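Thanks, everyone. I will keep this short, so please look at the model on the screen first.

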Amino acid sequence: MPSERTLKLATIGTLAGIFSGIFGVGGGTVIVPLLIFWFGYGERLATGTSLGAIVLIGLLGAIAQGGFYGNVHVGTGLLLAIPAVLGVVMGTAIQQRIPQRAVSLLFAVLLVGVAIELIVK
Amino acid sequence: MSTDVLFAALIAVAGGLAGGLVGVGGGVLFVPALTIFIGLSQVEGESTSLLMIVIVALVGAARQNAYGNLNLRDALVIGALSPLGVLIGVIVANEVPQRALELSFAALVLFVAYGLVRRAWRAPDQAGQGRRETE
């Protein structure tokens with residue numbers, strides 16, 4: 001039998017998948033708060049681990065969309081990934097220098113934005 | 001370089017920044033950048049955004065690993081189990097009215113936001129360099 005910890009992680013993965021399957025939102029919205037509330041992760045560890053999980057989730061989605069349906073514009077994606085990577089390197093660097101609870105507050109702002117988008121659309 | 005491409009690039013920087021700061025993929029910003037400024041269709045935009053998300057998350061996770069903020073095993077278990085969820089999600093999306101789903105998810109994220117704010121309010125100020133708090 002898998003441990004309780006593994007079952008909880010599996011639940012987070014399944015829930016992240018369910019929400020992205022329904023709404024097309026990335027799993028991060030689900031993964032980060034659950035790692036914080038269920039595992040007592042600090043904000044930095046939660047966001048870092050969430051990014052690690054998203055690599056796998058996004059890869060599976062990209063392969064499905066690109067491989068089966070041909071919807072991925074590879075050149076455009078790679079070109080725009082350059083400024084995006086610049087952003088993520090800056091974002092992670094800034095995150096190490098601000099209090100963890102500021103990360104929680106930023107995340108709460110993001111969630112309120114997501115809620116507004118869901119309600120008004 | 002046209003103005004539209006420049007705007008798309010700036011939004012991409014913002015998406016990456018958000019990804020690094022709060023651990024999301026950045027798709028919320030990449031999709032509009034690709035559809036509004038590059039002119040891709042919604043499906044093409046969402047699919048191409050996935051490619052960008054993979055690259056951004058990979059670099060972001062590597063940076064966080066260098067700072068000591070990545071639990072690789074947990075990340076892999078979560079990622080590996082997500083396709084099952086996506087399948088369930090797609091079925092649910094087709095069986096339950098979209099509006100009911102949107103409103104219940106909105107209520108849920110607001111509740112989580114409240115929990116995070118309450119927690120941040122109470123927590124001692126843990127400033128400083130990234131460290132692995134939990135293992």
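Chain A has 121 residues, and 57% of them count as buried, a residue being buried if 20 or more other C-beta atoms, placed from the backbone, lie within 10 Å of its own. This is a predicted model, in which local features need pLDDT of at least 70, side-chain atom pairs count only at pLDDT 80 or more, and totals for chains, interfaces and linings use all residues. Residues are numbered from 1 along each chain as its sequence is written, while chains are lettered from A and ligands numbered from 1 in the order in which they are written.

What is the secondary structure of chain A? Five helices and zero strands, where helices are DSSP runs of H or I with at least four residues and strands are runs of E with at least two, numbered from the N terminus. The C-alpha trace of chain A spans about 40 × 40 × 30 Å along its principal axes.

Now the contacts within chain A. Among those with a separation of 6 or more, 41% come from residues 24 or more positions apart; contact here is C-beta atoms, placed from the backbone, within 7 Å.

Next, a pair across chains. Helix H4 of chain A, residues 74–95, packs with helix H1 of chain B, residues 3–22, at an angle of about 35 degrees, and their axes are 6 Å apart. Axes are lines fitted to C-alpha atoms over the stretch in contact, with angles from 0 to 180 degrees between N-to-C directions.

Last, chain B: its domain assignment gives domain 1 (1–70) and domain 2 (83–124), with bounds from an automatic or database assignment. Their C-alpha centres lie 22 Å apart.

Notes. A residue is buried if 20 or more other C-beta atoms lie within 10 Å of its own, exposed if 12 or fewer, and partly exposed in between; C-beta atoms are placed from the backbone. Two residues are in contact if their C-beta atoms, placed from the backbone, lie within 7 Å.
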